[in-house]
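Let's take a walk through this protein together. Please have the sequence and the 3D view open as you read.

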Amino acid sequence: MRYLISGSGGQLATEIIRLLRERSVEFEALKKAEFDITSQAKVSAVMQACRPDVVINCAAYNAVDEAEDQWRQAYMINGVGVRNLANESRKLGCVLVHFSTDYVFDGAKASPYTIVDRPAPENRYGESKLLGERYVRDLMERFFLVRLSWVFGKGEFSFPRKVLQWAAKSDKLRIVDDQVSSPAYAEHLAGAVLDLIGTGAFGLYHMTNKGHCTRYKWAEHILRKIGWQGELLPAKSAEFNTQAKRPPFSALENFPLEETLGYALPSWQEATEEFLRVER
């Protein structure tokens, strides 16, 4: 099996690459400058040269607020770029692994979203990711479409890392308590993704660590574990005047991931503590 990974600089891609090396699997990992998925011609040239068995698309436009104005760019990367990968994967007989988001949902549901629930994005970022989902499902038969939420790991945009940085600079923090979702540790995700590919059970999945929480509760858990002595205060999303509307509740239900893999991912608390042991 030969793997091709786009968007190789991201948190999840970094962990997938690490695991592929550990497992002595042949792969090629390319950054945007080397593999611009928004160009059908470039996608075709790279994939024709690489001839992968599996394409893992980690390339994404993740700037949620900026996507409100730069929606064409978001649609190109998260939608049209995915179409390009799907078309070429179909031609070459590759398996395509693509990642979507909990932001395809509007947050009106009071319980975790399942793969049966109908998407209804509230912002341009969510719309762009839903466009990519549609291209995968319309154009491919051999695919894994995996929705993620609140991914964290070694990257600079990791929420736990930001909390650690904020706590080092201030003795008073305000964190929103009206956004609920499921944290997902990149190291756990990487293993589950590669194991999922091995099952050959193609389709749509939700993949997160077990359980869900608010941003406030997540920060509270982090700060308690590091022994921070400052003051943590709850805040509302509206106070921060962000450009894009966030779903108030977008926790994901992983069924049938556990049934397919034969194991469940650890809880978000365990995952966070594992992250802290590595980071500190």
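**A walk through the chain**

Start at Asn123, which sits in the loop between strand 4 (95–101) and helix 4 (124–139). Helices (H or I, at least four residues) and strands (E, at least two) are DSSP runs, numbered from the N terminus. Before going on, please keep in mind that this is a predicted model, in which local features need pLDDT of at least 70 and side-chain atom pairs count only at pLDDT 80 or more, while totals for chains, interfaces and linings use all residues. Residues are numbered from 1 along each chain as its sequence is written, and side-chain values use heavy atoms, with hydrogens and water left out.

Is Asn123 buried or exposed? Asn123 counts as buried, because its relative accessibility is 2%; the word buried means under 20% relative accessible area, exposed means over 50%, and partly exposed lies in between (1.4 Å probe, protein chains only). The side chain of Asn123 reaches the backbone nitrogen of Gly126 at 2.7 Å. That is a polar contact, meaning a pair of N or O atoms within 3.5 Å; within protein, one must be able to donate a hydrogen and the other to accept it, and residues adjacent in sequence count only if both atoms are side-chain atoms. If you set aside neighbours within four places in sequence, Asn123 is in contact with Val64, Glu68, Tyr103, Ala244 and Lys245, where contact means heavy atoms within 4.5 Å.

Gly132 counts as buried, because its relative accessibility is 0%. Not counting residues up to four places away in sequence, Gly132 touches Asn78, Gly79, Val82 and His98. Gly132 and Gly155 are 23 residues apart in sequence, and their C-alpha atoms are 24 Å apart in space.

Now step across to strand 4, which holds Ser100. Ser100 has a relative accessible area of 5% and is therefore buried. Which side chain does the side chain of Ser100 meet in a polar contact? The partner is the side chain of Glu133, at 2.6 Å. Beyond four places in sequence, the residues touched by Ser100 are Lys129, Glu133, Leu145, Val146, Arg147 and Leu148. Ser100 and Leu130 are 30 residues apart in sequence, while 7.4 Å separates their C-alpha atoms in space.

Helix 3 (residues 71–92) is the next stop, and Glu88 has its place there. With 0% relative accessibility, Glu88 counts as buried. Leaving out neighbours within four places in sequence, Glu88 is in contact with Gln40, Val43, Ser44, Met47 and Gln48.

A few backbone details are worth a look as well. Ser24, in the loop between helix 1 (11–22) and strand 2 (26–30), has a positive phi of about 55° although it is not a glycine. Ser24 is exposed, because its relative accessible area is 67%. Trp150 lies in the loop between strand 5 (143–148) and strand 6 (151–152), and its phi is near 45°, a positive value in a residue other than glycine. Trp150 is buried, with a relative accessible area of 9%.

One more loop, between helix 5 (159–169) and strand 7 (172–176), contains Ser170. Ser170 is partly exposed, with a relative accessible area of 28%. Its side chain reaches the backbone oxygen of Lys172 at 2.9 Å. Ser170 and Pro160 are 10 residues apart in sequence and 15 Å apart in space, C-alpha to C-alpha.

Finally, zoom out to the whole chain. Its secondary structure comes to nine helices and 12 strands. The radius of gyration is 18 Å, close to the 19 Å that the globule rule gives for 280 residues, so the chain is as compact as a globular protein of that length; this radius is taken over C-alpha atoms, and the rule is 2.2 Å times the number of residues to the power 0.38. The C-alpha atoms fill a box of roughly 55 × 40 × 35 Å along the principal axes. Buried residues make up 52% of the 280 residues. Among contacts between residues at least 6 apart in sequence, 82% join residues at least 24 apart.
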